[in-house]
Amino acid sequence: MYTQGLDQKGENAGRRLDDAGLLAAFQARIDAEEKIEAKDWMPDAYRRTLIRQISQHAHSEIIGMQPEGNWLTRAPSLRRKAILLAKVQDEAGHGLYLYSAAETLGTSRGQMVADLLSGKAKYSSIFNYPTLTWADIGAIGWLVDGAAIMNQIPLCRCSYGPYARAMVRICKEESFHQRQGFEIMLMLSRGSAEQKAMAQDALNRWWWPSLMMFGPGDADSKHSAQSMAWKIKRFSNDELRQKFVDVTVPQAEFLGIRVPDDDLKFNAQTGHYEFGEIDWQEFFDVLAGNGPCNRQRLEKRQRAHDDGAWVREAAHAYAEKHGQRAAA
């Protein structure tokens, strides 16, 4: 889908980034809904913002394989195992699409992975929570992937072309993930009293972290306003969070389980659900590396990276060998 190592020296290379004419022309293209492509001139800040966002998105897909992969051998039936295996494979593919999209901006996959493993780069805080029961797999599909869809569908219209195109397929697959999670919750909620209690417990533990996935409130978000001006984002954090709540609460009611928020109520005048205060201290603690599974997630990722070193070395040797033959 993407070409690694694109030549970044276009006709505008060397021009100063603070050139008012260049910046105005760039913003005019954004406002006209034109797609910015890899070889087009762009402000350094736009490039840095995209690298940060796309790489963090890729890291989240890769780290996000772990809490679900933990249940591959314990899925309750062969059908469930096959579905979960397909989903985990999808997440790996999403990570590869996104790393490739970020590479078009001039960074390297090796650098992005190094930033993840060193702790410099972040990934979604939601993946630092444990999956304690099979119902958690349902809650992740229903809530976590549901929140991801709210975030990602607008990214199909992102101003940066390679990112927008990658998101089209990703969103289609995420829709499947959300449906399979809801089906798990539906089966549990219509099962025995113990199974329904399991579904309720999963909702209790995953509801608030899912709301945190959209990031801090608009007043405290460092990047949101500029990203919206550049049309990297189309909606603010709070707008997306509200949309998620409005869609998900009726689904919980259909399942017959209760959203763990005593302040939750529907406002007939606004047409939206009002919900309680989010514990942002928990969010920032997890983001800082102090969540239940932060260390475990990175240690496992580091082991996988180390175990795969021979594959990377073999691929590099193969490429060099054939390059030398072609040169000869």
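Which ring does the charged end of Arg-74 sit over? The ring is that of Trp-71, and the charged end of Arg-74 lies 3.9 Å from its centre.

## Basis of the report

The structure described here is a predicted model.

## Aromatic rings

The structure holds 12 aromatic pairs. In one of them, Phe-182 and Phe-254, the ring centres are 6.5 Å apart and the planes stand at 25°, so this pair is stacked. Phe-182 belongs to helix α7, and Phe-254 belongs to helix α10, which covers residues 237–255. The two residues are 72 residues apart, and their pair links distant parts of the chain.

The two partners can also be described by accessibility. Phe-182 has a relative accessibility of 18% and counts as buried. Phe-254, with 52% relative accessibility, counts as exposed. Elsewhere, ring pairs join Phe-26, Trp-41, Tyr-46 and Trp-230 into a cluster.

## Helix α7 with helix α10

The axes of α7 and α10 come within 9 Å and cross at roughly 35°. On the α7 side the contact is made by Gln-178, Phe-182, Met-185, Leu-186 and Ser-189. On the α10 side it is made by Gln-251, Phe-254 and Leu-255. The residues of this contact divide into 5 nonpolar and 3 polar, with no charged residue.

## Helix α7 with helix α8

Helix α7 runs over residues 161–189, and helix α8 over residues 193–212. Their axes come within 7 Å and cross at roughly 140°. Because of that angle, α7 is oblique to α8.

In α7, the residues that meet α8 are Met-185, Leu-188 and Ser-189. Their counterparts in α8 are Gln-195, Lys-196 and Ala-199. By type, the residues of the contact of α7 with α8 are 3 nonpolar, 2 polar and 1 charged. Met-185 and Ser-189 are also listed in the contact of α7 with α10.

## Arg-80 and Trp-134

Arg-80 lies in helix α4, which covers residues 78–103. Its relative accessibility is 12%, so Arg-80 counts as buried. Apart from neighbours within four places in sequence, Arg-80 is in contact with Ala-75, Trp-134, Glu-183, Ile-184 and Met-187.

Trp-134 lies in helix α6. At 10% relative accessibility, Trp-134 also counts as buried. Leaving aside neighbours within four places in sequence, Trp-134 is in contact with Trp-71, Ala-75, Pro-76, Arg-80, Leu-84, Ile-184 and Met-198. Trp-71, in turn, is the residue whose ring lies under the charged end of Arg-74. Between the C-alpha atoms of Trp-134 and Gln-296 the separation is 20 Å, and these two residues are 162 residues apart along the chain.

## Asp-136

Asp-136 is placed in helix α6, which spans residues 134–152. Is Asp-136 buried or exposed? Asp-136 has a relative accessible area of 0%, so this residue is buried.

Residues up to four places away in sequence are not counted in what follows. Asp-136 touches Pro-130, Thr-131, Ala-202, Arg-205 and Trp-206.

Definitions and conventions. Residues numbered from 1 in each chain as written. Predicted model: local features only at pLDDT ≥ 70, side-chain atom pairs only at ≥ 80, totals over all residues. Heavy atoms only, no water. Axes fitted to C-alpha atoms, helices over the stretch in contact; angles between N-to-C directions. Helix = DSSP H or I, 4+ residues; strand = E, 2+ residues; numbered from the N terminus. Parallel < 35°, antiparallel > 145°, perpendicular 65-115°, else oblique. Contact = heavy atoms within 4.5 Å. Nonpolar A, V, L, I, M, F, W, Y, C, P; charged D, E, K, R; others polar. Phe/Tyr/Trp six-rings, centres within 6.5 Å; stacked < 30°, edge-to-face > 60°. Buried < 20%, exposed > 50% of the residue type's maximum accessible area, 1.4 Å probe, protein only. Lys NZ or Arg CZ within 6 Å of the ring centre and 35° of its normal.
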